[in-house]
Amino acid sequence: MPLAIVRFPDEKWRKVNVSRFLRKFKTVPASKVVEIPEEELEHVLEVLRRNNCEVEIVEPVRDDIEVKVLKDVLKKAEAVRLGIAEPKELEKIAIDAITKFSLKNLSEEVAEILHDCIDFAEQPFIGSLKDIEERAREVLAKKLS
């Protein structure tokens, strides 16, 4: 079952409304919620377990967002390759994703693909399009497995 980490809004009336709404769901007690870099995760978990801490790892929702973006990129890239769409349409998908989700909320692999989509719109070479499609398929396959 997915876990949601919720930050209440600043306005007191909204905070009360959200709190009431969330009462119907099971609350998971937590002393601290922290972001741990992937390379340090194993060590941090070892230290916490040694100290009898209960740890629940929550995967960021980012993967769902990235899967959708990559599927959109692949669909549009195919349309560009078939001559149905223009390279600027691929650039628009990339810019919209970057604007909506911010690069810091996207993995490095997806961010690079989006930057390549923007570069492709400026210099549309079929080899670049093929590279974008291949890398997007690889990343998508990893995220879906």
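**View 1. The aromatic pair of the predicted model.** In this predicted model, where local features need pLDDT of at least 70, side-chain atom pairs count only at pLDDT 80 or more, and totals for chains, interfaces and linings use all residues, the count comes to one aromatic pair, with rings of Phe, Tyr and Trp (its six-membered ring) pairing if their centres lie within 6.5 Å. The ring centres of phenylalanine 21 and phenylalanine 25 are 5.9 Å apart and their planes stand at 70°, so the pair is edge-to-face (planes under 30 degrees apart count as stacked, over 60 as edge-to-face and the rest as tilted). Residues are numbered from 1 along each chain as its sequence is written, and side-chain values use heavy atoms, with hydrogens and water left out.

**View 2. Exposure of the two phenylalanines.** Phenylalanine 21 is partly exposed, with a relative accessible area of 48%, and phenylalanine 25 is also partly exposed, at 45% (buried means under 20% relative accessible area, exposed over 50%, partly exposed in between, with a 1.4 Å probe and protein chains only). Buried residues make up 24% of the 145 residues in the chain.

**View 3. The helices of the chain.** The chain has six helices and zero strands, these being DSSP runs (H or I, at least four residues, for helices; E, at least two, for strands). The radius of gyration, taken over C-alpha atoms, is 20 Å, well over the 15 Å that the globule rule gives for 145 residues, so the chain is more spread out than a compact globule; that rule is 2.2 Å times the number of residues to the power 0.38. Along its principal axes, the C-alpha trace spans about 55 × 40 × 25 Å.
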